[in-house]
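Me: Could you take me through the labels used for this structure and say what stands behind each one?

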Amino acid sequence: METGSRPAPAVPAPTLPAPAANREIELKLLAPADSFDSLAAVPVIAQHARNRGVFRNFENAYYDTPDRQLYRNKIALRVRKSGKSFIQTLKRPADGTNPLARHEWEVPVPSLEPDLALLPPEALEIGMDDVGNGVLEAVFVTKFRRRIQALDLPAAKLELAFDQGEIRAGERREAISELELELKGGDAGALYDVALALLDVAPLRVGTLAKADRGYKLAYDPPAEGVRAAKGSIGAADNVDEIVAKLLGDCQRHMVANQAVVEEGRTPEGVHQMRVALRRMRTAISILQRQIGSPTLALLAVEAKWLASTLGPVRNWDVLVVDTIPGIETHCPDEKAFAAMRAHVEPRRLHGYQHLRELFAGARYNRFLLTLGRTVERRAWRNDIASGSLGILAETAEQFARQALERLHRRALKGGKHFRRLEPVAQHELRLVLKKLRYGAEFFRGVFDTKEEAQRYLARLADLQEGLGLANDAATTGGLLAVLTDEAQDAALHRGAGLVTGWQARDKEVAAGSLHKLWKRFAQGAPFWLA
């Protein structure tokens with residue numbers, strides 16, 4: 001350096017966009033408590049952390065009305081004590097495609113008691129009708145020690161929190177041992193990058209429930225309910241790039257929303273809805289791949305197929321004991337026979353659910369969830385499709401949807417040609433095409449201004465699918481019954497299996513009489529995208 005020269009001015013770091021006001025974007029990872037030190041030493045953290053961590057102790061009280069109004073509206077209201085300070089926070093789900101986003105409002109309060117009057121009006125607009133301080137009561141508390149580190153990554157600023165403690169609801173307790181990655185600014189895809197790097201070091205699990213959700217479950221023990229797919233979000237203003245993001249994002253939220261229901265194992269609807277989410281995802285990717293040919297989407301389809309194949313056997317046993325047996329038992333009462341069937345099926349169901357819990361705790365499943373989330377957030381399909389296909393991403397929703405639906409509709413008509421003479425295998429193939437067509441129609445119905453026509457079209461599809469499905473149901477049930485009767489020489493069990501087989505054969509014969517009529521009704525109906 002020359003004498004008298006001045007050092008070059010420091011170049012300011014680029015300003016990274018922060019999440020929208022009153023919006024929290026956070027990824028939660030469940031972790032063994034003894035893994036915290038090794039996780040903090042992972043290069044992506046050690047190299048980008050501003051410091052070694054700040055430790056704080058938190059005590060949080062969560063409130064609700066006696067009739068559980070906040071819980072029913074998916075609202076969390078808490079007051080947090082940290083040192084001598086108290087912060088009141090209200091959270092509720094955010095609109096949009098990002099499953100990590102929530103609305104959040106925070107204000108100081110003088111004590112551990114909530115004061116709704118201090119919150120801004122927009123925080124109380126939804127789900128808080130007629131709720132006042134006087135009706136609120138503490139439902140559960142959380143107490144935990146948090147280690148906080150700020151991470152400055154090239155494309156994002158994150159806050160990493162290691163939490164260890166417990167949730168308390170009356171005499172009930174549940175441990176807290178988790179990491180929270182919160183986006184403070186920049187690219188939300190960085191949340192998934194860090195999580196995937198951590199997954200290589202410790203047996204982490206993507207947390208699908210917030211502390212508030214876990215606390216409500218601990219306090220109220222609500223009956224588990226499967227979550228159905230949300231109404232299609234694709235509209236005429238979207239292009240193909242936005243269609244890909246919306247379809248994958250919707251399927252991701254649908255699948256993750258049912259994970260805790262499956263793990264609880266109290267209702268078969270969780271497995272059913274998770275399988276629906278995966279079928280919808282695979283259908284969406286199949287439709288999209290024909291046009292854009294993305295290797296990233298192809299790999300997601302492979303993982304979705306793997307996961308669906310593990311859910312399938314559990315769903316089959318569920319259907320047998322929850323739907324098939326009760327439906328036949330009302331017509332063919334034989335208490336001993338059907339009791340024997342349930343006794344032999346139940347251990348298999350319980351074993352299947354335990355297998356799913358272990359799978360959800362495994363690296364492959366959690367890597368799939370994180371990779372799927374990163375793909376949607378980064379729109380990774382843009383980077384790996386042929387340059388000549390990039391223009392397709394700008395194509396209008398109407399053009400793309402019409403081509404996709406017309407192609408599937410023609411496949412269905414071709415598959416059902418000479419319908420009366422179709423062999424069982426051909427009927428099964430037709431049913432699969434119709435299922436894809438139905439999902440596609442549900443995806444794109446909002447693109448066309450033909451609400452009533454779309455509803456009629458979907459009704460015709462559903463009726464035909466149901467009729468064709470009886471043969472498939474009988475074949476599936478036959479395989480399950482063969483497993484049961486081959487392994488047990490129980491006369492009552494064999495009698496029950498015979499009743500089920502005979503009744504399903506009867507149902508199949510009855511349905512066969514109307515199948516051709518259902519086919520004609522579908523085949524002669526006008527597609528709604530041409531109306």
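Reply: Gladly! Buried means under 20% relative accessible area, exposed over 50%, and partly exposed in between (1.4 Å probe, protein chains only). This is a predicted model, where local features need pLDDT of at least 70, side-chain atom pairs count only at pLDDT 80 or more, and totals for chains, interfaces and linings use all residues. Residues are numbered from 1 along each chain as its sequence is written, and side-chain values use heavy atoms, leaving out hydrogens and water.

Me: Why is C251 called buried?

Reply: Its relative accessibility is 1%, and the limit is under 20%, so C251 counts as buried.

Me: And what makes C332 buried?

Reply: C332 has a relative accessible area of 16%; that is also under 20%, so the label holds.

Me: How do you know that the span of helix α12 agrees with its number of residues?

Reply: Helices (H or I, at least four residues) and strands (E, at least two) are DSSP runs, numbered from the N terminus. The expected span is 1.5 Å times one less than the number of residues. For the 19 residues of α12 (397–415) that gives 27 Å, and the end C-alpha atoms are 27 Å apart, so the two agree.

Me: Which residues of α12 are buried?

Reply: Among them are A397, F400, R407 and H409.

Me: What makes β6 and β7 a pair?

Reply: Pairing needs at least two DSSP bridges between two strands. Strands β6 (137–152) and β7 (156–169) are joined by 12 bridges and run antiparallel, so they pair. They form a hairpin with 3 residues between them.
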